[in-house]
Amino acid sequence: MVNLAFLVPLFPLIGSIINGFYGLKIGKDWVSKIACGGPILSFLVVLCLWVSLFFHPEGAPYPEQILFTWVPAGSLQVEFGFQVDPLSCVMMLVVTGVGSVIHVFSIGYMYEEYSYYRYFAYLNLFLFSMLLLVMGNNFLVMFIGWEGVGACSYFLIGYYFEKKSACDAATKAFVVNRIGDFGFLIGIFYVFQTFGTIDFSSVMAAAPTTLVYGSETVTLLTMFLFIGATGKSAQIPLYTWLPDAMEGPTPVSALIHAATMVTAGVYMVVRCNALFNLAPLTLTIIALVGGGTALMAATIGCTQWDIKRVLADSTVSQLGYMFVACGVGAYTAAIFHLVTHAFFKACLFLGSGSVIHAMHHEQDIRRMGGLKDHMPITYLTFLISTIAIAGIFPFSGFFSKDEILFHALMDGNVIYWGMGVSGAFITAFYMFRLVFLTFHGESRVDPHVHPHESPAVMTMPLIILAGLALGGGLLGIPLIHGWHILGNWLEPVISFDWATALHHSETVLASHGHHESFTELLHSKGEHHPNVWIELLLMAFSVAVALSGIYMAYLFYRKHPELPAKFTKGQWGFDLVQEKYRVDELYDEMFVKPTVEASERLWKDADMKGVDGAVNGVAQSIGFMSKIAQYFQSGFVRNYAMFMVMGFVVLLIII
Amino acid sequence: MFLTFVTFLPLIGAALLAFVPDEKTETIKQAALGIAVADFLLSLVFYQEFDMHSHKMQFEFMVPWIEAWGINYHVGLDGISLLLYILTTFLTAVSILASWEVKKHTKYYMISMLALSTGMLGVFIALDFFMFYVFWEFQLVPMYIIIGVWGGPRRLYAAVKFFIYTAVGSLLMLVGIIWMYLELHQQTGTYSTDILFMTDNLKMALEVQIWLFLAFFLAFAIKVPMFPFHTWLPDAHVEAPTAGSIILAGVLLKMGTYGFLRFNLPLFPAASYSLFPYVCWLAVIGIVYGALVAMVQEDLKKLVAYSSVSHLGFVMLGIFAFNHQGLSGALLQNINHGISTSALFLMVGMIYDRRHTRLIKEFGGLSKIIPVFAIYFMIVTLSSIGLPGMNGFIGEFLVLIGMFQTDVVFAMIGTSGVIFAACYMLWMFQRVMFLEVTNPENEKLEDMNLREKILMVPMVILIFWIGLYPAPFTKTFDASIEHLVSHVNKHSGIKHEEEGGAHHAAVKGKATVAQLLTTGTSETTVLVKE
Amino acid sequence: MVPLSHYLILSAVLFSIGALGVLIRRNAIVVFMCVEIMLNAVNISLIAFDNHLNQHDGQIFSFMVMCVAAAEVSVGLAIVIALFRNRPTVNLDEFNLMKW
Amino acid sequence: MEPIPAPLVDLTSLAPVLVLSVFTMMVLLVDLFVGRNKSVLVFISLTGLLMAAISAFAKGAEIPVYSFNGAYVVDRLSIFFTMIFCLSSALAILLSVEYNKREGIRVGEYYSLILFCTVGMIVLASSTDLIMIFIGIEIVSICLYVLAGIRRGDLRSNEASLKYFLLGAFATGFLLYGMTLLYGTTGSVKLLTIAERLNSGEVFTNPLMLMGVVLLVIGFGFKVASVPFHMWAPDVYQGAPTPVTAFMAVGPKAAAFAAFFRVFAEGIPELAPSWETTLSIVAVLSMFIGNLGAIMQTNIKRLLAFSSVSHVGYILIAVIAKNTLGSASLLFYMLSYAFMIFGIFGIVILLGREGNENLELENYSGLGFKHPMLAFCMTLFMLSLGGLPPLAGFVAKFYIFQAALKEGFLWLVIIAVLNSAISFYYYLKVIVFMYMKEPIGEFKISLTPITLFVVAIGVLGTLELGIFPGPVIFLAQY
């Protein structure tokens with residue numbers, strides 16, 4: 001069964017090749033058929049794989065499909081292989097599933113575009129790379145996908161390449177991602193140096209008995225990997241590219257910058273949980289970064305007027321949640337939130353896409369309002385997803401977010417939890433702000449524009465995704481033991497043998513002379529049965545928080561629309577937030593400009609004057625000397641004789 | 001014998017071309033192309049016949065040349081030179097096809113091209129120092145003529161600079177060669193300039209090795225070119241005609257790295273070990289410096305030229321990693337750079353033929369006007385950036401992972417080059433291909449014609465082939481690299497008691513990083529544990 | 001009996017006088033004369049050495065020198081005459097068509 | 001009274017000298033009878049040279065042979081040099097044939113002078129006695145004085161010969177004085193005797209002797225045109241008729257070097273510590289000044305003059321090395337130099353035409369594509385002079401460096417190497433003009449056969465010595 005794995009990425013690849021080279025010839029209909037056919041087919045294959053996993057014997061290693069040896073270099077033998085285990089299977093399902101839906105949506109959304117084929121070629125190519133990323137059985141194959149998705153996002157952000165802003169955004173996205181990839185590469189090097197291999201299975205198996213808990217090796221290693229994650233998943237400090245990435249077509253934002261690519265970092269961390277578990281320091285940093293990002297992005301979200309930018313910021317902050325979960329070692333929760341987020345955020349983006357489509361590419365919510373009558377389906381689905389993201393029972397967001405918050409408090413500390421909760425409050429506020437401003441209230445729409453409901457090809461996906469956003473919570477029902485489907489499903493991947501690991505660390509440390517005992521740590525890691533009441537209490541609290549946020553939004557934007565202006569007028573703080581804390585400018589001043597100027601100087605001064613100047617200087621000095629030498633050749637016999645005598649004297653003196 | 005034939009075939013062809021009357025340009029072009037292609041096909045035979053499992057020289061052929069001095073005509077191929085050899089024949093064919101539009105003195109152009117090809121091939125097969133030097137200097141002349149006659153406005157300056165700069169380095173190498181030749185006689189009583197013989201039988205103290213290493217280093221470093229010796233490259237590239245740039249970037253630069261692999265490492269292992277920190281510093285400086293400077297260039301060719309400086313830095317880093325990954329990465333990167341950069345120069349040349357300018361600010365929005373060109377250009381650009389799945393990545397990855405095991409610091413600095421590569425390449429691409437069409441002259445550019453497609457398709461195929469399935473390429477040099485690594489380690493290992501500066505340096509480098517982060521981490525880890 | 005050194009000093013002095021003449025005089029003919037003086041200075045020292053070592057090589061040598069000197073003078077004068085035909089002067093400083 | 005010892009005369013070892021002298025006389029005689037057509041003279045002199053070359057082997061295998069009680073020797077050096085002399089004189093004569101027709105040099109003595117000069121060179125190369133050396137030098141120089149001024153009507157020619165003559169005589173004075181002092185201090189004029197006396201320590205170095213050595217350096221230095229005694233070379237090279245220039249650049253220089261080598265390496269090697277430094281300085285100066293002077297030149301003959309000065313610098317290294325390898329490399333270098341120089345001057349002559357010799361570099365611009373073969377040959381010679389493989393010049397340099405490194409003169413070799421890098425600049429300049437500049441006027445070149453023949457010989461020699469130097473090296477070394 002696993003031997004079908006290679007088909008999964010293959011279909012989109014074929015699609016992209018066909019569309020890329022013959023797209024113009026075969027016409028839009030065929031383009032769309034091929035483009036959507038690829039993902040859907042691979043979705044079906046993934047389903048088969050998924051089913052096959054049910055019959056997988058307990059405890060046996062998960063099957064891998066090795067296609068060929070990719071990079072043979074002495075001790076380093078990298079295979080080009082795919083890995084089908086619960087984790088990757090979940091990701092594949094999400095990617096192909098959501099991917100197919102979004103493809104379908106794009107048919108409607110992009111239909112007027114001239115270079116329709118180009119769009120779908122890129123989109124399929126993206127799916128291909130994303131699937132490589134999740135399916136790769138070693139770091140390097142993952143890295144192909146890792147950079148591949150970066151490249152595709154570069155293409156797709158720069159899809160409207162006549163717009164300067166789009167190009168800049170694309171380049172920025174790629175370069176920032178590259179900075180992350182730099183970290184990731186170094187991480188891979190460390191992995192190879194420590195384990196002598198870069199296959200996931202062997203590395204993870206060897207980790208407990210190779211690494212020492214909290215040693216700087218593992219800390220460095222994981223830190224570098226995490227830098228990679230921050231780049232891809234838009235965390236502080238590398239998050240700035242994501243909001244700009246909204247220059248791309250909306251479905252792209254839905255697929256790449258909400259549902260799939262940006263979650264790659266989370267996936268990678270979870271995939272390497274065996275390593276991260278051993279690096280407490282890294283985990284702390286991850287949690288802090290995640291929480292910080294969640295808060296910061298949320299605050300920014302409150303102040304934006306561009307519908308897509310709001311969603312982008314919310315994406316960033318939701319990713320922050322996932323990292324908090326990783327940081328406290330609640331990998332299931334992270335994946336859980338990843339999945340639900342994929343559903344509702346994709347739905348939100350597509351909804352916004354449908355709105356923008358209806359409004360003829362108007363994205364400013366100040367020129368919207370009262371759309372709910374014009375486009376009911378869009379409104380409904382959008383609302384559902386909004387409630388979901390706000391985390392109201394029983395929508396999917398509620399379950400995943402609460403699980404994260406719960407773990408944040410239990411396994412982490414109150415700080416993380418506080419960050420999470422306040423983030424939740426703000427999220428609820430700005431998401432409903434968005435809803436109110438867009439759909440409710442009297443219309444502020446430009447009279448020439450006549451908003452209308454989008455065609456079925458666009459609404460169907462919305463409905464599907466809304467449904468998932470609604471019911472997605474069922475994957476992880478809390479409280480009742482054993483009902484956490486996702487948890488049970490992922491158990492084999494993220495189970496970690498603390499006992500051996502810590503024991504090994506102790507022995508190693510002992511051999512190096514300093515005796516530390518990890519026993520109490522081991523106990524803390526042991527299976528804890530939290531008090532059900534505490535959990536319930538937390539849930540209630542967070543729901544209350546969300547509701548209050550919603551109410552506040554209602555207060556501000558429905559009841560007293562004049563309030564916000566009062567509060568924000570001339571508030572430097574508000575301006576600061578609205579300008580996204582001026583981080584872009586900061587980076588510009590700190591890194592971009594200096595680099596460019598330095599390069600200029602390097603070239604003009606160091607290279608042309610310095611290095612090359614030296615070379616030419618030698619040449620010129622020789623030329624000068626030869627000029628001087630010429631003047632001795634005066635043409636007068638007596639001078640010649642004089643020189644002879646002088647030579648004689650000189651030699652005589654020397655001898 | 002067959003090797004000799006394939007090597008000298010272009011020269012013979014050139015000699016024959018000399019008798020064709022100048023007017024018959026078409027015939028001349030076709031003939032030249034025919035010869036080059038034939039040579040390429042013949043050279044493929046070597047790949048076919050090559051025994052991948054032995055590090056020994058193959059297709060060896062030796063006849064006495066100057067008995068009085070014990071100099072032989074001795075040629076052969078091994079894993080290190082095989083691919084470079086084939087690459088040379090390939091690029092010769094490509095560049096002749098690329099210069100189809102040359103109007104001025106076509107005949108002499110083709111003659112110099114073919115002569116040049118023989119010179120380069122000779123460098124890669126020579127197994128005798130005297131011969132090596134002969135070819136090494138010989139190929140300067142046709143290149144000099146090509147730049148000087150068919151080059152751009154400042155061609156004279158560039159040509160003379162190229163020639164003399166290279167000559168200075170190689171002349172010092174000559175002194176080194178003679179010195180070793182006499183020393184060998186002192187030790188073994190036989191006069192011989194045979195490279196293999198010398199490698200096996202010549203024993204030198206460390207400081208002697210260091211001096212000789214430096215003599216050779218200068219010659220090769222100028223050719224590579226490494227950081228402080230690189231300034232001839234941009235001038236030469238900018239002024240040279242397209243084909244000249246292709247050959248220059250594709251093959252001539254590789255002679256330098258080849259020299260390091262063939263001479264510096266095997267002959268002076270101890271010196272290589274003890275000097276490796278300095279070489280690596282130059283290499284990483286070259287990587288970063290080249291990238292930064294490339295970022296701010298206004299001239300496309302200059303940009304690519306500086307990017308070569310950066311890429312070759314990777315190669316040097318790989319060579320001085322002294323381990324399998326690094327070396328195979330370096331060799332692979334040689335080929336990759338040969339392909340990607342040549343392709344870049346090709347495409348720049350195509351634009352140049354259409355617009356007669358290479359200034360970036362003249363362009364913009366081309367991908368709308370010439371989409372096919374845009375696709376190819378994008379692929380080539382990405383491969384030069386080193387996107388995984390394309391050739392550039394494998395090489396850089398291997399180089400860096402190899403260096404990482406030898407010295408962390410250099411590996412890290414080197415890896416940062418990956419970021420800069422993205423910066424300058426994509427920025428260039430954006431300014432040339434994206435945005436609106438600002439310059440009316442660009443409105444009516446015509447897209448690639450058949451000849452240009454024929455030129456580019458093999459390049460692209462190779463780019464992806466090496467990127468996705470490099471085994472056919474790597475397996476040619478695995479054995480040789482194994483042997484080289486063991487040789488170097490053995491002979492420098494002996495010296496380790498006396499010196500070991502190298503290892504100290506390496507260890508120190510590692511230590512510093514470790515300390516930096518340990519001191520940072522250790523107590524914080526404690527903090528977290530409580 | 002005059003010691004060797006006297007002869008040598010004499011010849012050295014003569015030689016220097018000749019050389020100095022070559023350096024400072026402008027007239028071609030006079031320059032010849034100075035060269036002749038130098039040669040004769042050499043002859044003196046030759047004879048002196050010869051006498052000192054009581055051999056005959058020195059004398060032979062000095063004879064040779066004389067012949068050669070004669071030959072040189074004849075050639076030299078011929079050259080000057082040829083020159084004089086084209087440019088009626090014997091001032092050396094006027095002959096520098098070719099320089100730098 | 002004891003019987004008068006009959007002087008032991010060994011005619012066979014003198015054979016080449018005698019043969020050549022006879023033929024020279026014949027030329028003088030025949031010249032009286034032939035009218036304006038001098039081709040007979042050419043024929044006779046060529047035969048004479050051929051005869052001389054053959055008769056050089058009269059001694060057969062048992063070399064070296066010393067005769068005239070150690071004043072005259074036939075050995076590897078002398079025979080090989082005799083070959084070079086005959087070759088160069090022959091080539092010079094061949095060059096002159098058409099040149100003289102064109103430039104209207106109709107004097108028959110011309111050829112006899114060249115032959116006399118050759119006689120002098122042979123004497124010079126094979127004499128081991130200060131007196132003989134002196135005589136040889138003088139024969140050579142006097143002939144050259146006349147040859148340089150052979151174009152009586154041309155003021156430049158006159159000036160050249162005058163300068164050459166005055167300075168030559170001046171230098172002769174120094175040389176003589178040096179010889180005298182050497183003779184006085186060692187008590188012998190025979191190099192061998194001097195050598196063994198110094199060796200056995202009968203005589204020890206004293207200031208006079210050293211002064212003598214320096215004076216010798218000046219004398220020979222002038223003849224080979226080494227800095228700072230080179231000043232005459234550019235002017236004379238420029239003024240003299242082109243074939244004579246070529247001749248001067250090769251034959252007499254080679255002869256002077258032979259004597260130079262004999263005196264210093266075979267005569268007074270014991271004094272090496274004192275003259276090594278002196279000669280090294282002279283060599284280094286020659287290289288530098290020669291190259292620097294050449295860089296700025298626009299007249300090809302002056303350019304070649306300066307380049308020859310720098311080559312003298314390289315060759316002096318061989319003298320300094322003073323081992324057998326040194327002498328062999330000296331031979332090889334002179335031979336290859338002969339080929340190159342005659343080839344180049346052949347081309348120079350071909351480019352000239354009646355009334356205008358086209359000696360400026362501009363006259364060469366565009367030659368490359370008008371007369372590709374000619375330009376190709378010129379390129380070949382230039383690169384060979386620069387020392388680029390696989391050409392004669394490279395092998396010769398390789399040889400000399402080898403000799404020097406064997407004696408441990410690393411620094412000299414490095415300086416030489418750097419200099420040859422500098423020298424590339426002006427050699428390339430010629431190529432630049434030929435290929436990379438547009439022609440200023442179109443060429444009226446009459447490819448006259450004999451001159452072409454000389455050029456061809458030059459090319460063949462350059463390539464042969466470059467690609468298959470084996471046999472010649474063998475001859476030179478053993």
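**Exercise 1.** In this predicted model, work out how the axes of helix α9 (residues 206-223) of chain B and helix α12 (residues 269-295) of chain B are arranged, and which residues make the contact.

*Solution.* Start with the geometry: the two axes come within 8 Å and cross at roughly 75°. Angles of 65 to 115 degrees count as roughly perpendicular, so α9(B) is roughly perpendicular to α12(B). Next, look at who touches whom. From α9(B) come B:L206, B:Q209, B:I210 and B:F213, while α12(B) brings B:A270, B:A271, B:S272, B:S274 and B:L275. Finally, sort these residues by class: 6 are nonpolar, 3 are polar and none is charged.

**Exercise 2.** For helix α5 (residues 130-148) of chain D, compare the span with the expected one, then decide how many of the residues are buried.

*Solution.* The helix has 19 residues. From first C-alpha to last, α5(D) reaches 26 Å, close to the 27 Å expected at 1.5 Å a residue.

**Exercise 3.** Describe the contacts that chain A makes with chain B and with chain C.

*Solution.* Take chain B to begin with: 47 residues of chain A are in contact with 49 residues of chain B. Several elements of chain A supply at least two residues each, among them β1 (64-73), α7 (216-232) and α25 (583-632). The largest share, 13 residues, comes from α5(A). By class, this side of chain A has 28 nonpolar, 11 polar and 8 charged residues.

Then turn to chain C, where 9 residues are in contact with 10 residues of chain A. The chain C side divides into 6 nonpolar, 1 polar and 2 charged residues.

Definitions and conventions: Residues numbered from 1 in each chain as written. Chains lettered and ligands numbered in written order. Predicted model: local features only at pLDDT ≥ 70, side-chain atom pairs only at ≥ 80, totals over all residues. Contact = placed C-beta atoms within 7 Å. Nonpolar A, V, L, I, M, F, W, Y, C, P; charged D, E, K, R; others polar. Axes fitted to C-alpha atoms, helices over the stretch in contact; angles between N-to-C directions. Helix = DSSP H or I, 4+ residues; strand = E, 2+ residues; numbered from the N terminus. Parallel < 35°, antiparallel > 145°, perpendicular 65-115°, else oblique. Expected span 1.5 Å × (residues − 1). Buried ≥ 20, exposed ≤ 12 C-beta atoms within 10 Å, placed from the backbone.
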